Amino acid sequence: MSLSLRSVGLLALGLTLLTACGSPGTGGSSPSPAPATTDAAPTESPLPASPSPSPTTSPEPTPSPTAGANSADLAGQRIVYSYPGTTPPAALLQRIREGRVAGVIFFAENVGSDPSVLRTAVNQLRQAEQQSPHPRPLLLMTDQEGGLVRRLPGGPAQSAKDVGRAADPTAAATATGNQAAATLAGFGLNLNLAPVLDVYRTPGDFADSAQRSYSTDPAVVGKLGSAFIKAQQGAGVAATAKHFPGLGSAPAGANTDEEPVTLTVPLNQLRSVDERPYQDAVAAGVELVMLAWAIYPALDPGTPAGLSGTVVHDELRTRLNYQGVTVTDALEAKALDPVGGTDKRALAVARAGVDLILCSARDVGQGDQAAAALAGALDSGDLDRDEFTASADRVDALRDSLK
């Protein structure tokens with residue numbers, strides 16, 4: 001989900017949990033928004049093709065899993081829902097039975113004081129998934145970064161900063177990746193919105209304040225983040241590198257969950273420092289990349305990264321040769337207030353080409369509003385159906401690869 005700090009919650013067993021995607025809170029990065037644009041980014045020759053994994057193709061062409069899907073079905077396949085409390089609402093279970101939900105994100109409030117409650121909820125969601133027209137595993141996710149940012153009781157206890165200062169940082173990064181996978185799998189979850197690849201600049205700044213950054217050295221961040229990714233994904237839990245193109249230059253208090261944030265990093269520094277760890281993550285086969293909500297004038301002068309075709313297509317897809325699934329930070333982030341309501345935000349995300357829309361306001365209605373806006377725009381021709389379907393296919397392929 002996001003560097004977006006959200007509300008910090010205390011879980012049982014004395015663990016401090018944070019409800020965040022992009023920040024130690026709930027998933028949101030922080031910039032000032034505007035309708036998605038595709039302004040050409042400053043030109044630079046593409047990086048050499050990185051060994052990012054391409055989806056495995058079968059010997060004979062197989063039909064798209066979304067072939068013939070109606071607009072409402074297609075729209076739902078790109079929405080991640082959330083809900084309040086510890087019991088999945090009937091409306092969410094119904095959406096899942098209809099095949100119109102890509103996944104669900106969980107927060108501390110969904111766990112409660114009894115870990116068995118979340119396991120029961122996950123079982124309900126999975127039963128509903130099996131009743132859908134085309135059953136495939138839901139993307140069941142949370143932010144289990146380590147240290148302060150843990151929504152589930154369990155490891156990793158070490159923060160990214162702890163890992164970076166360990167006697168053997170690579171071994172520590174590998175161990176935390178394994179621990180995160182074990183914790184999520186223990187609750188029936190299959191996707192972690194971690195690791196954070198932000199390269200912090202000064203002690204106490206936004207990324208460092210919650211100990212979410214491995215280092216001020218981009219090569220170290222890339223190496224340790226990749227070790228976490230490989231370990232976690234090797235254990236069957238998808239990883240998410242966040243928050244592209246990087247929130248490491250954000251000063252203390254610059255939280256996109258709370259306000260628009262603009263990061264005036266020169267293009268050469270943005271690419272050599274902030275984007276550098278993503279080259280390693282792509283090479284490591286990271287399954288998802290989360291886009292930041294900050295604005296980067298060096299790339300797109302007025303549009304948050306997650307709403308910018310320049311950032312999504314030119315920087316991430318073309319320059320870094322990333323072929324996997326992209327996901328937004330929290331759609332309700334205040335950084336997007338200038339864009340408008342849920343419907344306008346969802347449309348801007350889709351136009352920018354981000355695959356998954358994270359509706360993390362703990363309100364099933366938020367996901368429904370986003371889905372309705374997308375379906376309507378597909379029916380009217382305001383969104384390109386082929387491009388939209390390609391995104392849905394990427395999401396479905398990821399779901400099919402998980403348990």
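Start at the largest cavity, which holds about 110 Å³ of space. A cavity here is a set of points on a 1 Å grid over the protein atoms alone where a 1.4 Å probe fits but cannot get out, and lining residues have an atom within 4 Å of a point. Points are joined across faces, edges and corners, and the volume is the space filled by probe spheres set on them. The model is predicted: local features need pLDDT of at least 70, side-chain atom pairs count only at pLDDT 80 or more, and totals for chains, interfaces and linings use all residues. Residues are numbered from 1 along each chain as its sequence is written, and side-chain values use heavy atoms, with hydrogens and water left out.

**Cavity lining.** Select Glu 145, Ser 159, Ala 160, Arg 212 and Tyr 214, which lie nearest the cavity centre among the 16 lining residues. Strand 6 (144–146) and helix 5 (160–164) each give at least two residues to this lining; helices (H or I, at least four residues) and strands (E, at least two) are DSSP runs numbered from the N terminus. The lining has nine nonpolar, five polar and two charged residues, where Ala, Val, Leu, Ile, Met, Phe, Trp, Tyr, Cys and Pro count as nonpolar, Asp, Glu, Lys and Arg as charged, and the others, Gly among them, as polar.

**Thr 176.** Next, select Thr 176 in helix 6 (residues 169–186). Thr 176 counts as buried because its relative accessibility is 2%; buried means under 20% relative accessible area, exposed over 50%, and partly exposed in between (1.4 Å probe, protein chains only). Beyond its neighbours within four places in sequence, Thr 176 contacts Pro 156, Gln 158, Val 163 and Phe 228, contact being heavy atoms within 4.5 Å.

**Pro 260.** Move to the loop between strand 9 (240–244) and helix 9 (267–274), where Pro 260 sits. With 38% relative accessibility, Pro 260 counts as partly exposed.

**Helix 12.** Select residues 342–352; eight of the eleven residues of this helix are buried, so it is largely enclosed by the rest of the structure. The buried ones include Arg 345, Leu 347 and Val 349. Their cover includes helix 11 (309–319), strand 11 (325–330), strand 12 (356–358), helix 13 (364–380) and helix 14 (385–401). Gly 353 follows helix 12 and has a positive phi, near 95°.

**Whole chain.** Zoom out to 14 helices and twelve strands. Of the 403 residues, 60% count as buried.

Definitions and conventions: 1 Å grid on protein atoms, 1.4 Å probe; cavity = no way out; pocket = protein on both sides within 12 Å on 5 of 7 lines; lining within 4 Å.
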